Structure formats: C-alpha cells, structure tokens
Amino acid sequence: MMLPKFYPIFDDAAWLDRALPLGVRLVQLRIKDRPVDQLRDQIRRALVLSRRHGAALVVNDHWQIAIDEGAEWLHLGQDDLADADLPAIRRAGLRLGLSTHDHAELDRALACAPDYIALGPVYPTILKQMAWEPQGLGRVTEWKRLIGPLPLVAIGGFTVERARGAFDAGADVVSAVTDITLNADPEGRMREWLAI
C-alpha cells in the first residue's frame, strides 16, 4: 500500500481547512482532553473536509467515535491499544496505524496486523513529554528492515530539512506537527513539505 509521504498531525479540524486545499492527502486529527460531543463534532467536520478533498483522515485514539462516524483510518498509541476493541475496529473496516518505541512494542503492534507502523520520536520533540530517548535514523533503518513492505511512518522532531534523512534511512512517510503549527507561515511550510 502506498501512502503519501507527508503526514501532518493537527489538534483541530480548522487546520484541515488550511492544509487540504494545498494538496495534503494524509492527515491525522489528534485531539486530547475535550468533551465527547466536541470530539465527535471535530471528527465529523474533519471527515467532511477530507472527503471533499480526496484525502485520508486518520483519527487518533478515539476508536469508538471513529467507528460510529464511519471513519476509514485509526491510529492508536500503545496505551490506547490496550483499551481498544480490535475485533470491532476490524469489523468496521478501519485501517490501523500503530505507534512503536521499542522492540516489545513493535512485536505487539505487528501481531495486530496494522496497515502502517509509526516509530518515534526520531528526533527530540517539544510536542509532549516522552518516556523514550530520540530513536535516531539508525533505528528507522532497523525498523524498516524488520517490518518489510509495511509502510513505516517516522515521527518526532521533524522539519523539512530533516525529512530527506528519514526517507534515505528507510521511512516511507514522515510526520510533522510543530514544524507546521508553530511556523510563522504554516501554509508556506506545508508547501515546502509537499515539494519534497
């Protein structure tokens, strides 16, 4: 399965209004700590926008809402994987991406037959407190060797300038968050991402 090489992650559907018209075709909506009704509204809005633009929307964590709203993609972290109903997710036809940080998590993720594996943080990140040291590009190469043709998403501390190194190391997709959302010109930065 071929995925777009650029995979931004946003915490509000309003970002999709800015990203999708530029040509972004794979995007994750990662919202934490909001009431369920707001989460549902955000996911509904993001699904409408992504379908309008022919893009794939990946819902982070909220698997029951993703099923209820007819989403096509879901991303789960390791903590969320423990609480998720994988048979229900599969029955709903959701494609699944899973986060990994070490070999035990990779083994657990591969046992779930995901549609992509994410590895991070490759570089130091300011997005959230991480229990793991930066993985580095050597780990990207190792993970790609271990997962074979399954798409590998590299995440954590990425900038446009660092992306080429991840691709050269074996990543199929590179994900970015703060390189866009904290940029003085987010649209301009997304155009740079799309150009690589």
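Where is Asp115 found, in terms of the loop and the elements around it? Asp115 sits in the loop between helix 6 (103–111) and strand 6 (116–119). Here are some notes to read alongside the structure.

1. **What kind of model this is.** This is a predicted model, in which local features need pLDDT of at least 70 and side-chain atom pairs count only at pLDDT 80 or more, while totals for chains, interfaces and linings use all residues. Residues are numbered from 1 along each chain as its sequence is written, and side-chain values use heavy atoms, with hydrogens and water left out.

2. **Overall build.** The protein chain holds 10 helices and 8 strands. The radius of gyration of the protein chain is 16 Å, close to the 16 Å that the globule rule gives for 196 residues, so the chain is as compact as a globular protein of that length. Helices (H or I, at least four residues) and strands (E, at least two) are DSSP runs, numbered from the N terminus. The radius of gyration is taken over C-alpha atoms, and the globule rule is 2.2 Å times the number of residues to the power 0.38. Along its principal axes, the C-alpha trace spans about 40 × 40 × 30 Å.

3. Of the 196 residues in the protein chain, 52% are buried. Buried means under 20% relative accessible area, exposed means over 50%, and partly exposed lies in between (1.4 Å probe, protein chains only). The accessible surface of the protein chain comes to about 9,000 Å², and 51% of it belongs to carbon and sulfur atoms. These areas come from the Shrake-Rupley method with a 1.4 Å probe; for residues, only the protein chains shown count as cover.

4. **Contacts along the sequence.** Taking contacts between residues at least 6 apart in sequence, 52% join residues at least 24 apart. A contact here means heavy atoms within 4.5 Å.

5. **Back to Asp115.** The side chain of Asp115 makes a polar contact with the side chain of Arg90 (3.4 Å). A polar contact is a pair of N or O atoms within 3.5 Å; within protein, one must be able to donate a hydrogen and the other to accept it, and residues adjacent in sequence count only if both atoms are side-chain atoms. Not counting residues up to four places away in sequence, Asp115 touches Met1, Trp73, Arg90, Leu94, Arg95, Leu96, Leu150 and Pro151.

6. Phe6 belongs to strand 1 (residues 6–10) and is buried, with a relative accessible area of 6%. Beyond four places in sequence, the residues that Phe6 touches include Val24, Leu26, Met190 and Trp193. Met190 and Trp193 are also among the buried residues of helix 10 (residues 186–195). The buried residues of helix 10 pack against strand 1, helix 1 (14–19), helix 8 (160–169), strand 8 (173–176) and helix 9 (178–181).

7. **Asp179, in helix 9.** Asp179 lies in helix 9 and is buried, with a relative accessible area of 12%. Which side chain does the side chain of Asp179 meet in a polar contact? The partner is Trp193, at 2.9 Å. The side chain of Asp179 also reaches the backbone nitrogen of Val160 at 3.4 Å. Leaving aside neighbours within four places in sequence, Asp179 is in contact with Phe158, Thr159, Val160, Arg189 and Trp193.

8. **Leu47.** Leu47 is found in helix 2 (residues 36–52) and counts as buried at 1% relative accessibility. Not counting residues up to four places away in sequence, Leu47 touches Leu57, Glu69, Ala71 and Glu72.

9. **Backbone points to check by eye.** Most residues other than glycine have a negative phi, and most peptide bonds are trans. Asp33 has a positive phi of about 55°, and Asp61 has one of about 75°. Asp33 is in the loop between strand 2 (26–29) and helix 2 and counts as exposed at 82% relative accessibility. Asp61 lies in the loop between strand 3 (56–60) and helix 3 (63–68) and is buried, with a relative accessible area of 10%. A cis peptide bond joins Gly120 and Pro121, with omega about -10°. Pro121 lies in the loop between strand 6 and helix 7 (136–147).
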